[in-house]
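Visitor: I'd like to learn how to read the sheets and surface of a model like this. Could you walk me through it?

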Amino acid sequence: MAEDSGLPNVPVPEAEIAPKRRLPISVVWFIPLLAALAGVGVAVQQYLAEGPAIQISFRSGEGVEAGKTTIKYKDIEIGQVTGVRLSEDYTRILVTAKMEKSVEKLLGSDAKFWIVKPRVTLSGISGIGTLLSGNFIRFEPGTSRVPGREFTGLETPPAVTQDLPGREYRLRADTLGSLGVGSPVYYRRLSVGQVISSALAPDGRSVEIRIFLNAPYDKFVSSGTRFWEASGVDVTAGVDGFTVQTESFLSLVIGGIAFETPPSLEGYHPVPDNAVFLLAADRTAALSPQEGEADPYALHFDEQLRGLSVGAPVNFMGLQVGEVTGIRLEFDPATESVGTRVDIVAFPYRFLRDMKKAGPYAKKELPPGKRRELMQRQVVGKGLRAQLRSGSLLSGQLYVALDYFPDAPQAMIDWSGKPPRFPTVPGETTVLRATLSSILAKIDNVPITEIGKETKEAIASLDRTLRLLEGETLPEAKKSFATLDRTLSRVDSEIVPEARKALEELRRASAAAERALKDADEMLLAPDAAGRQELLDALRETARAAQAVRLLADSLERNPSAVIRGRKPEKPR
């Protein structure tokens, strides 16, 4: 019982005993926990430091081994094969590889992988170093930004790597020919690129060929560049004779492509990558002028067409202005006969562009009406005609020539026909045959029998004359020759020595005379010669005498009587 102390009854708090707080786990467990966290951190760090794992499928895994085969990019290892196994359908080899973290950004979905091993192809030998180091996988980064982890490996190395400077172009051809991946591309007989792929066009009417030109040769391609197939040996026999064209020995084996930009082209400009060009069959076809419109004509010849073929040229002044497109027979109802017809096409731009340098004729797109007017004017006014001519005596090929024949009968182009009928003249063969026929006709009119009879009589007369000469004249001539021979012998033996002796005496006499003249010159003409002074005195006396005679003659002429009466004294004047 509580005692009453006079203090309010205030409850006194009672002390509570609080239990001592303890850790849920023992400190001892922190040690393995920290070790586990450290291990996880190391694992995470290692995971983050490692590159991605990829899988590559190949048709064959020749030389690929897990833990040995490496993956290289620019000859630097960027990964290693970690496993090799067969696919579920046993048709391919699945290669698992661990790539380095630094190349993770290069692993786009279009990245390329291929096995590098020794390869011997017609274009060269590659992968020789793998004979010692073993096969490895080459990596080529892609351009896609979508990351990829599963890839399909290439069975053959790509023809062009991504880091090779240059540009790609596309060519369209009727057929692929002997071209293949790796076939060289030539520029001025220098290998500047190669074929990297070929495929059939979607419409199936052509083949599309992709080529790669190395820098800086790609800058020589412009809108005016022409490409042609330079494969094998191109031997053609045409009206120009035999033509042999080839590029190089390698192109003979694996084919090739060549290109060139004609210098005469104007207004060409650079082209972008993957520009499309036509691939011609040969250089001649590639560099031939690009034609616009072509005018068809029909030609009718009254002669043999053997040697004329489709594709034969139509020349004007030696230059090709068209070609033959068809040769066939045609029935003429008017004459009820079958004749020949040759269809041609003429390129008006080649033929008419130089007629006038200015005006509408200078334009390539000449209106059809103007073309007809010009052609009709040439035919009517200038005598333009079509003629068959022989292009080669060896091959017998014929071609169609357009030339002027001012003396040809008047003719015009028949525009009512389809195609228009172009006037022709007989070919050279026909003219030659007509000339030979005329000569043979003249020969037939020659009286060969009479000429032969007269010739026989003339020969008989000549024979008689020869017999006469041989029987009579010839002996006399022999006698005359014998006499002449004896005379000459005598002259040689008798007269010639005497003449030689006389000549010797004459030579001595001439020498004596020369000496005498020399002595006379020394005696008479020398400055101190006595004879010279006497001769001068005598000449002076003779001059005085001549002067006295001249005075006497003058005196007698004035006084003729002085001879009888004597001389009178002269009167002073």
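Guide: Start with pairing: two strands pair if DSSP finds at least two bridges between them. Strands here are DSSP runs of E, at least two residues, and helices are runs of H or I, at least four residues, numbered from the N terminus. With that, six strands form an open sheet in the order E19-E22-E21-E20-E24-E23, with mixed pairing. Strand E19 (295-299) and strand E23 (384-390) stand at the edges with a single partner strand each, so one side of each has no neighbour in the sheet.

Visitor: What should I know about the source of the coordinates?

Guide: This is a predicted model, where local features need pLDDT of at least 70, side-chain atom pairs count only at pLDDT 80 or more, and totals for chains, interfaces and linings use all residues. Residues are numbered from 1 along each chain as its sequence is written, and side-chain values use heavy atoms, with hydrogens and water left out.

Visitor: Which strand does E21 join through 10 bridges?

Guide: Strand E22 (residues 337-346), and E21 (residues 319-332) runs antiparallel to it. Phe-331 stands opposite Val-338 in E22.

Visitor: How many strands close into a barrel?

Guide: Seven, in the order E10-E13-E12-E11-E17-E14-E18, again with mixed pairing. Strand E10 (residues 166-173) and strand E18 (residues 276-280) pair in the parallel sense over three bridges, and Arg-172 stands opposite Leu-278 in E18.

Visitor: And where do side chains go in a strand?

Guide: In a regular strand the side chains alternate between the two faces of the sheet. In strand E14 (residues 226-229), Arg-226 and Trp-228 point one way, Phe-227 and Glu-229 the other, and all are buried (under 20% relative accessible area; exposed is over 50%, partly exposed in between, with a 1.4 Å probe and protein chains only). E14 runs antiparallel to strand E17 (residues 257-260), joined by four bridges, and the bridge partner of Phe-227 in E17 is Phe-259. With E18, E14 pairs in the parallel sense over two bridges; there Trp-228 has Ala-280 as its bridge partner.

Visitor: Is Ile-439 buried or partly exposed?

Guide: Partly exposed, because its relative accessibility is 42%. Ile-439 is found in helix H7.
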